[in-house]
Amino acid sequence: MNTIYYYNAKDYASSAQFGQALSALLHAHLSPSETLIFLCIGSDRATGDSLGPLIGYKLERHSNRNYYVYGTLEAPVHAKNLAAVVQEIHCRHKNPYIIAIDASLGKQAHIGYFTLGIGSLKPGAGVGKELISVGDAFITGIVNLSGLLDRMLLQTTRLHTVMSLADRIHIGIRYGLSLFFETGEVASALPPPDELRYTYREFG
């Protein structure tokens, strides 16, 4: 199980804390020869699964980007095209460093939290899909409770929860990238993980 760092979207400071950790992660793992890719996974056809495309939509709108975005509201990356999109990324970019972004299911107390971690993400695990693992790092947003009838939960997830997570994550990414690319400021290392750790489940 990957170690993850988690942030409460209801906490006003969470975007800044997340951004600082993201900047530290990039300084530690992104080499000058690598191209930064945000792979935003999900579908706009189910509220609970729309977190990735929403974040991709927000990230894509910025001009003069120093990163590439795959997966938006207009062109989502989901279970049916994930493998083809990953192949396309590796064909188009010589050394891609992929940060995978997806919604996840978790415990009741963790709904509304978002996470940052190092390692690959396995989309679809939470709803029984066998998809490839993707990414060098990952960001997830916990949108609903994990348990029985997970597929149904995609349709009953509150849009407010998804939008709150998308806003916080987007702000945090932009702040982290500004630290990494523009100001040169960076935390010396990722903070130690909170004592609270849990097994999370993603879906694509």
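**A salt bridge and its setting**

Mentor: Let us begin with Asp167, which is partly exposed because its relative accessible area is 33%, a value that falls between the 20% limit for buried and the 50% limit for exposed. Please keep in mind throughout that this is a predicted model.

The side chain of Asp167 meets that of Lys58 in a salt bridge, with 2.8 Å from N to O. As a general point, side chains of opposite charge can pair when their charged atoms come close. The distance of 2.8 Å between Asp167 and Lys58 can be set against the cut-off of 4 Å that the rule for a salt bridge uses.

By that rule the count comes to two salt bridges, and the other pairing to look at joins the side chains of Glu88 and Arg92, at 3.1 Å from N to O. Here both partners, Glu88 and Arg92, lie in helix α3, which covers residues 82–92, and they stand four residues apart, about one turn of the helix. Glu88 is partly exposed, because its relative accessible area is 29%, whereas Arg92 counts as exposed, because its relative accessibility is 58%.

For a residue in another setting, turn to Phe138, which is found in strand β6, covering residues 137–145. Phe138 is buried, because its relative accessible area is 0%. From Phe138 to Gly119 the C-alpha to C-alpha distance is 6.8 Å, although the two are 19 residues apart in sequence.

To place these helices and this strand in the whole, note that the protein has five helices and seven strands, and that, read along the sequence, they follow the pattern β-α-β-α-β-α-β-β-β-α-α-β. Among contacts in the protein with a separation of 6 or more, 76% are between residues 24 or more positions apart. Of the 204 residues, 51% count as buried, and the protein exposes about 9,800 Å², of which carbon and sulfur atoms supply 50%.

Key. Residues numbered from 1 in each chain as written. Predicted model: local features only at pLDDT ≥ 70, side-chain atom pairs only at ≥ 80, totals over all residues. Heavy atoms only, no water. Helix = DSSP H or I, 4+ residues; strand = E, 2+ residues; numbered from the N terminus. Buried < 20%, exposed > 50% of the residue type's maximum accessible area, 1.4 Å probe, protein only. Contact = heavy atoms within 4.5 Å. Areas by Shrake-Rupley, 256 points an atom, 1.4 Å probe, with all protein chains shown as cover.
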